[in-house]
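Please set out the structural features of this protein chain in a short report.

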Amino acid sequence: MSSQDNSEENLPQQQDDADGGVLATRDNPFANPGLPPHEHRVQDIDERAAKRSERVVAGLFTLSMLSTIGFIASFVAFPVDKIVYVFPIGHVSALNLSLGLTLGLALFCIGAGAIHWARTLMTDVEVPEERHDIEATPEVREEVLAGFQDGARESDLGRRKLVRNTLIGAMAMVPLTGLVLLRDLGPMPGTMLRHTKWAKGKMLINENTHEPLRPEDIAVGSLTFAMPEGLSEEDHDFNNQIAKAALMIVRLQPENIKDKRELDWSHEGIVAFSKICTHVGCPISLYEQQTHHVLCPCHQSTFDLTDGGRVIFGPAGHALPQLRITVNDKGYLEAMGDFAEPVGPAYWERG
Ligand code: FES
């Protein structure tokens with residue numbers, strides 16, 4: 001058959017081509033075309049072009065430094081809740097947008113500068129690397145070390161001080177972005193949760209009907225949820241505020257109240273406690289009418305509302321904070337101040 005003309009049997013035992021490549025043979029049927037002739041870049045033969053490349057690289061590294069400064073400045077300049085409109089994305093957080101843009105630009109400029117540096121200024125001599133055993137011999141290790149040293153020398157860092165200095169500056173400044181991100185950990189919980197929207201004279205508003213509550217609205221055996229007067233779902237920070245100020249109200253028989261302070265802080269047996277579990281902050285929602293125990297659905301912490309909101313079961317570490325209430329001259333329930341202690345999870349010592 002004529003196809004046998006190209007079969008392995010017809011290939012020579014060994015044949016090298018003129019450019020250092022290896023032609024296909026019977027033992028090695030894959031041809032190696034070898035390296036193409038080396039072409040000098042314009043920067044290799046024109047020092048002015050090399051200088052231009054150097055300035056581009058230094059400019060990118062400098063832009064990275066400026067972007068890092070912009071990243072840090074964004075933390076100072078933009079409040080967390082500032083919203084801006086950006087076409088075509090829509091409404092976004094000004095802080096997140098500026099942090100993303102500045103950090104992205106800082107990292108991009110370092111990468112782009114390094115690539116441009118490697119493509120235009122570093123040596124571009126192609127060196128074939130032969131396969132070898134995985135375990136390197138001492139000679140190979142020495143060779144690698146020498147290769148690193150050659151690379152460092154050929155990168156021209158010693159001669160191109162502008163590139164070297166701006167690279168060091170850019171690399172040194174980028175980690176600073178990690179430091180300012182610590183601000184996102186937020187204020188100390190003891191400070192943040194210490195104050196809620198409850199204050200002296202604020203009426204208790206039914207969370208469902210949005211109407212002020214009167215004592216007669218609270219029936220024995222019912223669980224009512226309330227929020228402070230003046231808090232509106234239209235408020236931009238409504239979710240943050242209600243997460244701290246959410247209140248649950250039950251009516252007890254005064255003779256069933258075991259805790260003397262709880263009795264003083266109640267009105268005709270009506271007691272008001274924070275709805276936020278003191279374990280990790282789930283909203284409490286289950287009320288057992290006979291025992292007046294409330295149960296957190298997350299990890300089953302159980303609190304006794306007849307005994308100062310004391311923990312009787314589960315992982316919660318603290319009693320539920322109680323809100324001191326009274327009735328105003330119009331007959332509505334109102335707070336006599338804020339909670340006496342921070343609401344919510346007790347990760348820290350309340351003191
Ligand atoms: S959050 Fe309530 S028990 Fe864990």
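Buried means under 20% relative accessible area, exposed means over 50%, and partly exposed lies in between (1.4 Å probe, protein chains only). The model is predicted: local features need pLDDT of at least 70, side-chain atom pairs count only at pLDDT 80 or more, and totals for chains, interfaces and linings use all residues. Residues are numbered from 1 along each chain as its sequence is written, and side-chain values use heavy atoms, with hydrogens and water left out.

**Cysteines**

A disulfide is a pair of cysteine sulfur atoms within 2.5 Å. The whole structure holds one disulfide. It joins C282 to C298, with an S to S distance of 1.9 Å. The link of C282 and C298 is left-handed, at -90° about the S-S bond. C282 sits in the loop between strand 6 and strand 7 (286–288), and C298 in the loop between strand 8 (293–295) and strand 9 (302–304), so the pair ties together parts that are 16 residues apart in sequence. Helices (H or I, at least four residues) and strands (E, at least two) are DSSP runs, numbered from the N terminus.

| Residue | Relative accessible area | Class |
|---|---|---|
| C277 | 2% | buried |
| C282 | 15% | buried |
| C296 | 2% | buried |
| C298 | 35% | partly exposed |

**Domains**

Domain bounds come from an automatic or database domain assignment. That assignment gives domain 1 (46–185) and domain 2 (190–335). Taken over C-alpha atoms, the centres of domain 1 and domain 2 are 54 Å apart. V76 belongs to helix 2 (residues 47–77). V76 is exposed, at 72% relative accessibility. The C-alpha atoms of V76 and R131 are separated by 54 Å, and the two residues are 55 residues apart along the chain.

**Sheets**

Two strands pair if DSSP finds at least two bridges between them. Strand 3 and strand 4 (residues 224–228) run antiparallel and are joined by three bridges. N206 stands opposite A226 in strand 4.

Another open sheet has four strands, in the order 7-8-9-10, and its pairing is antiparallel. Its edges are strand 7 and strand 10 (310–313); each has a single partner strand, so one side of each lacks a neighbour in the sheet. Three bridges pair strand 8 with strand 9 in the antiparallel sense. H293 has D304 in strand 9 as its bridge partner.

**Nonpolar cores**

A nonpolar core is a set of buried Ala, Val, Leu, Ile, Met, Phe, Trp, Tyr and Cys residues joined through side-chain atoms within 4.5 Å. The largest has 17 residues, and M248, I284, V294, F303, L305 and L320 have the most contacts inside it. Strand 5 (247–251) and strand 6 (270–274) are the elements that give two or more residues to this core. Another core, of 16 residues, lies apart from it, with I218, A226, I325 and L333 among its members.

**Helix 8**

Helix 8 (residues 238–245) has F238, Q241, I242, K244 and A245 buried. Seen down the helix axis, these buried residues fall within an arc of 165°, taken over the directions from the helix axis to the C-beta atoms. They therefore line one face of helix 8. The face turned away from the buried side carries the exposed residues N239 and N240.
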